[in-house]
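Hi,

Here is the structure I promised to send over. Have a look at it first, and then read on for my notes.

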Amino acid sequence: MARPKKLGAAAVDSWLGEHAGWKRAGKGAIAKKFAFEDFGDALGFVVRVGCVAQKRDHHPDVELGWGRARILWSTHDAGGISSLDLEAAEATDKLLG
């Protein structure tokens, strides 16, 4: 199966304008910070993100701390942001209901 190609800046900027909280993280990724009541809630969210990622065979970078998580999506083999990342970011947001 062919992997998605890197998206152009205009496509990414358009998507970011429609998805609150997501921002560019460097040149080739998108990231969002999430706040929680405590470490357990943040950890549970990260585990759910991991399950979504595993099913999609597309895995984020994750930062986890007390009451917080940061999820960063990038398609390394495409050299930047691809449709896989935008779809995964939307799935990440849906985990919060």
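Predicted model: local features only at pLDDT ≥ 70, side-chain atom pairs only at ≥ 80, totals over all residues.

Leaving out residues up to four places away in sequence, Val-49 touches Pro-60, Ile-71, Trp-73, Thr-92 and Leu-95. There's also Leu-96, 47 residues away along the chain, with its C-alpha atom 10 Å from that of Val-49.

Val-49 takes part in a helix contact too. Phe-45, Val-49, Val-52 and Arg-56 of helix 2 meet Glu-87, Ala-88, Ala-91 and Thr-92 of helix 3. By type, the residues in this contact are 5 nonpolar, 1 polar and 2 charged. The axes of helix 2 and helix 3 (residues 83-94) come within 10 Å and cross at roughly 145°, and the crossing is right-handed.

Now for the strands. Ile-71, one of the residues Val-49 touches, lies in strand 4 and is the bridge partner of Lys-32. Strand 2 (residues 30-35) and strand 4 (residues 68-73) run antiparallel, joined by 6 bridges. Strand 3 (residues 61-65) is antiparallel to strand 4 as well, with 5 bridges between them; here Leu-64 stands opposite Ala-69. Strands 3 and 4 make a hairpin with 2 residues between them, and Gly-67 in the turn has a positive phi of about 75°.

Cheers

Terms used:
Residues numbered from 1 in each chain as written. Heavy atoms only, no water. Contact = heavy atoms within 4.5 Å. Pairing = 2+ DSSP bridges. Helix = DSSP H or I, 4+ residues; strand = E, 2+ residues; numbered from the N terminus. Axes fitted to C-alpha atoms, helices over the stretch in contact; angles between N-to-C directions. Left-handed = near helix turned anticlockwise from the far one by under 90°. Nonpolar A, V, L, I, M, F, W, Y, C, P; charged D, E, K, R; others polar.
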